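Take a look at the structure below. Keep it in view as you read.

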Amino acid sequence: MKIFSKDTLYFLQEVHQQNSKEWFGDNKDWYNEALITPLKNFVLFLSETMSGIDGEFELMPGINKTISRINRDTRFSKDKSLYKDRMWVTFKKAGKDKTDYPAYFFEISPYSFRYGMGFFSASSGSMKSLRALMQKKEKQFGKIVSAIEKKGIFQVEGEIYKKNMFCDRPSELQKWYNRKNIYLVYNGENVGELFQEDFMEHIKEDFISLTDLYLFFVEAMTESTQGI
């Protein structure tokens, strides 16, 4: 099933080049057809799968629900461009702050795309709770991440401490312990993948493969509110 077209990428390229209120107003129909409709179809295609991972996920295919706004908030930014040249879909628990709670994401830009799961900007308290559960259930955590690493699809990213703060933990897990923020991501630099017939099936399978880790993250956040 194809969701995206070359027109989607072309529209985002034009947003980057034009980026004016007048241009956007004149191309609102194009925006809806080339960008918003495909993103809504993306959400709808994955809704059943995501509900199976977490029945509390927000699944409404709408702006500020699962789909990001294209308008930029320029109040506190040196960059005064009005519109983003990238858009994203987020699957997170309804009502949860997406920056400090695990979520699934997909992002598309004119020349690349990426998707995965993790924290957008975890607080130090959240990371402390996650590390506590990792240590408490280290064998289980090791099996979860080993299964993900064997597939070779996702890589772990997020700001890392300059100094190894957890030398006492298993060497294969230190790159997880030493993160200030953490997420798993597939970085797609070949946009041709977006137009393949089986692209959405790959996304679905890859999201499912992260279920155990997502639930581990959620458990850590749950225990943080109760006190580990």
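This is a predicted model: local features need pLDDT of at least 70, side-chain atom pairs count only at pLDDT 80 or more; totals for chains, interfaces and linings use all residues.

Residues are numbered from 1 along each chain as its sequence is written, and side-chain values use heavy atoms, with hydrogens and water left out.

## Helices that pack

Some terms come up at once. Helices (H or I, at least four residues) and strands (E, at least two) are DSSP runs, numbered from the N terminus. Axes are lines fitted to C-alpha atoms, for helices over the stretch in contact, and angles run from 0 to 180 degrees between N-to-C directions. Angles under 35 degrees count as roughly parallel, over 145 as roughly antiparallel, 65 to 115 as roughly perpendicular, and the rest as oblique.

Start with helix α1 (residues 6–18) and helix α3 (residues 28–53). Their axes lie 9 Å apart, at an angle of about 120°. α1 and α3 are therefore oblique to each other. Their crossing is left-handed. That label applies if the near helix is turned anticlockwise from the far one by less than a right angle; clockwise gives right-handed.

Which residues of α1 and α3 make the contact? From α1 come D7, T8, Y10, F11, L12 and E14; from α3 come W30, Y31, A34, L35 and P38. Contact here means heavy atoms within 4.5 Å. By class, the contact of α1 with α3 has eight nonpolar, one polar and two charged residues. Ala, Val, Leu, Ile, Met, Phe, Trp, Tyr, Cys and Pro count as nonpolar, Asp, Glu, Lys and Arg as charged, and the others, Gly among them, as polar.

Helix α3 also packs against α7. Here the angle is about 20° and the axes are 10 Å apart. That makes α3 roughly parallel to α7. The crossing of α3 and α7 is right-handed. On the α3 side, F42, F45, L46, T49, M50 and I53 take part; they meet M200, E201, I203, K204, F207 and I208 of α7. This contact of α3 with α7 divides into nine nonpolar, one polar and two charged residues.

## Salt bridges

How many salt bridges does a search of the whole structure find? It finds eleven. A salt bridge is a side-chain nitrogen of Lys or Arg within 4 Å of a carboxyl oxygen of Asp or Glu. Here are some of them.

| Salt bridge | N to O distance |
|---|---|
| R86 and D85 | 3.8 Å |
| E107 and R114 | 3.5 Å |
| K204 and E201 | 3.4 Å |

How exposed are these side chains? Buried means under 20% relative accessible area, exposed over 50%, and partly exposed in between (1.4 Å probe, protein chains only). E107 is buried, at 14%.

K204 and E201 sit three residues apart in helix α7 (residues 199–209), so about one helical turn separates them. K204 is partly exposed at 23%, and E201 is partly exposed at 34%. Elsewhere, salt bridges that share partners join D85, R86, E107 and R114 into one network.

L12 belongs to helix α1. L12 is buried, with a relative accessible area of 0%. Leaving aside residues up to four places away in sequence, L12 touches L35, D85, R86, I108, S109 and P110. L12 and Y31 are 19 residues apart along the chain, and their C-alpha atoms are separated by 9.0 Å.

Where is F119 found? F119 is in the loop between β3 (113–118) and α4 (124–136). F119 is buried, with a relative accessible area of 1%. Between F119 and Y104 there are 15 residues of sequence separation and 8.8 Å in space, C-alpha to C-alpha.

## Positive phi angles

Most residues other than glycine have a negative phi. N19 has a positive phi of about 45° although it is not a glycine. N19 lies in the loop between α1 and α2 (21–26). Is N19 buried or exposed? N19 is buried, with a relative accessible area of 18%.

N64 also has a positive phi, near 65°, and is a residue other than glycine. N64 lies in the loop between α3 and β1 (87–91). N64 is exposed, with a relative accessible area of 58%.
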